[in-house]
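Q: Could you walk me through this one before I set anything up? I'd like to go over the packing and the charged pairs.

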Amino acid sequence: MDTKNKNQEIVSAQVVAVQEQTITVKTEENEVIEVARPQSTKKDALFIQTMKDILKSGIWIPVNKKLKQLLRYDWFETPIEQYSF
């Protein structure tokens, strides 16, 4: 797979619905994607609340639309303490 096609798999999306096991997002092209809750968050009591906060704020987040997964970047997994100087 060439780099151009691979880059098109990663898109910006807004959360439009939050349920216990799925997060529904909408891309800039208005494509609706249902994303399964990441396995790493199954025991995370704050994950759903965080997704609801992202929904309310309208923040755009990175999504792999081919794999239908949220991307694991700093916004998702890095503790806030690591950003402090």
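Predicted model: local features only at pLDDT ≥ 70, side-chain atom pairs only at ≥ 80, totals over all residues.

Q: OK, and how many residues does the largest nonpolar core have?
A: The largest nonpolar core has 15 residues, and those with the most contacts inside it are Val15, Ile23, Val25, Met51, Val63 and Leu70. Two or more residues of this core come from each of strand S1 (10-18), strand S2 (22-27), strand S3 (32-36), helix H2 (47-57) and strand S4 (60-64).

Q: Which residues in H2 are buried?
A: In H2, the residues Phe47, Ile48, Met51 and Ile54 are buried. Seen down the axis of H2, its buried residues fall within an arc of 120°, so they line one face of the helix. Just after H2 comes Gly58, which takes a positive phi of about 80°.

Q: And S4, is that enclosed or exposed?
A: Four of the five residues of S4 are buried, so this strand is largely enclosed by the rest of the structure.

Q: What does S4 pair with, then?
A: S1 and S4 pair in the antiparallel sense over five bridges, with Val11 standing opposite Val63 in S4. S4 is also joined by two bridges to strand S5 (residues 69-70), again running antiparallel, and there Asn64 stands opposite Gln69 in S5. The hairpin of S4 and S5 has four residues between the strands, and in that hairpin Lys68 takes a positive phi near 55°.

Q: Switching to charges: how many salt bridges does the structure hold?
A: The structure holds three salt bridges. In one of them the side chains of Glu9 and Lys66 meet at 3.9 Å, N to O, and this pair links distant parts of the chain, since Glu9 is in helix H1 (residues 3-9) and Lys66 is in the loop between S4 and S5, 57 residues apart.

Q: That 3.9 Å is the N to O value, so what cut-off applies?
A: A salt bridge requires a side-chain nitrogen of Lys or Arg within 4 Å of a carboxyl oxygen of Asp or Glu, and the Glu9 and Lys66 pair, at 3.9 Å, is counted on that basis.

Q: Are those two residues buried or exposed?
A: Glu9 counts as buried, at 13% relative accessibility, whereas Lys66 is exposed, with a relative accessible area of 54%.

Q: What about Arg37, which side chain does it meet?
A: The side chain of Arg37 meets that of Glu20 in a salt bridge at 2.9 Å, N to O. Arg37 lies in the loop between S3 and H2 and Glu20 in the loop between S1 and S2, so the pair ties together parts that are 17 residues apart in sequence. Arg37 is buried, with a relative accessible area of 6%, while Glu20 is partly exposed at 48%.

Q: And where do Glu31 and Lys65 sit?
A: Their side chains meet in a salt bridge at 3.4 Å, N to O, with Glu31 in the loop between S2 and S3 and Lys65 in the loop between S4 and S5, 34 residues apart. Glu31 is partly exposed, with a relative accessible area of 34%, and Lys65 is partly exposed as well, at 29%.

Key
Residues numbered from 1 in each chain as written. Heavy atoms only, no water. Core = buried A, V, L, I, M, F, W, Y, C linked by side-chain atoms within 4.5 Å. Buried < 20%, exposed > 50% of the residue type's maximum accessible area, 1.4 Å probe, protein only. Arc of directions from axis to C-beta. Pairing = 2+ DSSP bridges.
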